[in-house]
Amino acid sequence: MQQLRVPDIGDYRNISVIDVLIRAGDTIDVEQSLITLESDKATMDVPSTFAGTIREVLLKPGDVVSMGSVIAHIEFADAASGASGDANESTNAAPAAPQSEPGKASALRDRAASEPQAAAAPAAPITPVEVPTIAAGSASASRVTIAAGPSVRKLARELGVVLTDVKPGDRNARVLREDVLAHVKATLASSASAVAAAVASSDGLDLLPWPEVDFARFGPVERNPLSRIKRISGGNLHRNWVRIPHVTNFDQADITDLEALRVTLNREAREGSAKVTVLAFLIKACVSALQRFAQFNVSLDGQDLVQKHYFHIGFAADTPNGLVVPVIRDADRKGVAAIAEEMAELAKTARAGKLAAAQMQGGCMSISSLGGIGGTHFTPIINAPEVAILGVGKAETRPVWNGSAFEPRLVLPLSLSWDHRAVDGAEAGRFLAYLAALMTDFRRAML
Ligand code: COA
């Protein structure tokens with residue numbers, strides 16, 4: 001067993017070890033880098049002068065060394081290699097150092113391009129290193145010689161690049177730093193385009209391709225492009241549908257009393273004012289529910305939850321060109337009548353195709369009402385980055401058991417889709433039950 005020592009490193013003293021490139025049990029070759037040192041001007045690899053098996057490594061990153069410091073204990077592969085490296089002195093003295101500066105730091109592989117002397121010095125020795133590789137069609141490992149300098153090998157190691165995969169640009173078949181970087185660039189570009197191709201062909205879900213059908217075979221057809229709004233909203237809906245783990249809860253609210261109030265209010269309303277709608281009450285009820293269950297007034301942003309302290313509510317509006325979602329801002333500071341006025345105005349603007357982008361931004365949650373059209377419950381798609389959407393069906397008069405008899409009550413179907421990443425099922429149940437209770441007795445909104 002012999003010692004591998006730091007050779008003569010010129011004027012450098014107490015220089016830091018930034019990397020230890022060997023481990024106990026490693027079989028190393030002559031010229032293989034053992035450690036990387038860093039001074040205030042340069043980093044340099046210390047190569048081994050012996051071949052053999054490392055028995056113990058005595059340094060770790062952060063240690064400080066000078067000439068003669070012991071790096072490791074090595075068992076020689078054969079007596080010859082030990083003899084050639086002056087084993088009697090048990091040092092890692094530099095072999096065949098450049099003749100101009102025998103025994104000096106030139107035996108190290110200086111890697112400081114920024115250091116003027118280093119830049120002017122002859123090119124660092126390029127060391128052929130045997131890299132194990134699996135030959136195509138063969139199960140056994142063969143060895144391929146790669147010519148690369150220590151700094152290039154270190155760069156490759158840090159980037160996880162296998163040197164045998166890198167095509168040398170150099171005429172002498174040396175792998176240079178630029179070759180490693182070009183290889184990384186090309187690999188990234190090809191994996192990015194592979195991902196893009198996978199997404200394009202299968203929506204990133206590894207699905208079967210979309211069926212290609214010649215519809216004209218079955219009857220007369222005509223082909224029209226999707227409207228701009230449908231293209232945009234379709235992309236958003238698709239993303240939200242596949243990316244958000246949706247759950248939808250169903251409930252219903254007895255709005256008999258609320259409807260009576262609404263009819264009264266509309267009868268009393270001054271000429272020309274907007275009709276007070278069920279939807280306007282629902283917007284106000286959503287604000288109360290968001291205030292009580294603040295965990296719904298959030299958006300996911302990476303690993304963070306953004307808690308909102310404002311209350312902007314979006315409502316889906318059907319327009320000749322497709323679905324848009326204008327937003328009522330600061331609905332907590334507005335009364336039901338004012339909300340109804342603003343909704344009517346926004347719906348009109350939407351149908352005219354004149355909504356500004358800002359009028360559709362900043363929502364905390366949305367409502368999709370099909371109450372004026374029909375149907376009961378449905379599963380609305382969450383309008384990201386919101387985490388909940390309320391679906392409203394058509395209220396119908398139903399026989400409801402009051403404890404002693406059935407009585408006719410106006411029942412409003414409610415469906416709440418929520419993002420299970422942000423909200424739990426029990427919270428969603430409470431949110432929707434509270435919303436239904438508010439619609440049943442709106443006086444609760446004042447509590
Ligand atoms: N139950 C029973 N009747 C309802 C109701 C409900 N939940 N909601 C509305 N109505 C009634 C209204 O009272 C009104 O009747 P009236 O004229 O006798 O008073 C009628 O249905 C029409 O209402 P509407 O004009 O639709 O007003 P609204 O306030 O309910 O809705 C919009 C306004 C903008 C939301 C609506 O016009 C719209 O575009 N809805 C479609 C939304 C949509 O496409 N959702 C699906 C998205 S995936």
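**Strands, helices and their surroundings**

Tutor: In this predicted model, strand 21 and strand 23 pair in the antiparallel sense over five bridges, and in that pairing Val392 stands opposite Leu414 in strand 23.

Student: What makes strand 21 and strand 23 a pair?

Tutor: Two strands count as paired when there are at least two bridges between them; strand 21 and strand 23 have five bridges, so they are called a pair. Strand 20 (residues 365–369) is also joined to strand 21, by four bridges, and these two run parallel, with Ser368 opposite Gly391 in strand 21.

Student: Why is strand 21 (residues 388–392) described as mostly covered?

Tutor: A residue is called buried when its relative accessible area is under 20%, and five of the five residues of strand 21 are buried. Ala388, Leu390 and Val392 point one way from the strand, while Ile389 and Gly391 point the other way. In a regular strand the side chains alternate between the two faces of the sheet.

Student: What makes the peptide bond between Ala384 and Pro385 worth a remark?

Tutor: The bond that joins Ala384 and Pro385 is cis, with omega about 10°, and Pro385 lies in the loop between strand 20 and strand 21. Most residues other than glycine have a negative phi, and most peptide bonds are trans.

Student: Why is Glu407 called partly exposed?

Tutor: The relative accessible area of Glu407 is 29%; buried would need a value under 20% and exposed a value over 50%, so a residue in between is called partly exposed. Glu407 belongs to strand 23 (residues 406–419).

Student: Why is helix 7 said to be largely enclosed?

Tutor: Twelve of its 15 residues are buried, so the rest of the structure largely encloses helix 7; the buried residues include Phe281, Lys284 and Cys286.

Student: How do you know that the buried residues of helix 5 line one face?

Tutor: The buried residues of helix 5 are Ile229, Ser233 and Asn240. Seen down the axis of helix 5, these fall within an arc of 25°, so they line one face of the helix. They pack against strand 13 (246–254), strand 17 (317–319) and strand 18 (322–324), whereas Arg228, Arg231 and Arg243 are exposed on the other side of helix 5.

Student: Why is Asn14 called exposed, and what is noted about its phi?

Tutor: Asn14 has a relative accessible area of 58%, and exposed means over 50%, so the name applies. Phi of Asn14 is near 45°, a positive value in a residue other than glycine, and Asn14 is placed in the loop between strand 1 and strand 2 (15–20).

Notes:
Residues are numbered from 1 along each chain as its sequence is written. This is a predicted model: local features need pLDDT of at least 70, side-chain atom pairs count only at pLDDT 80 or more; totals for chains, interfaces and linings use all residues. Side-chain values use heavy atoms; hydrogens and water are left out. Buried means under 20% relative accessible area, exposed over 50%, partly exposed in between (1.4 Å probe, protein chains only). The arc is that of the directions from the helix axis to the C-beta atoms. Contact means heavy atoms within 4.5 Å.
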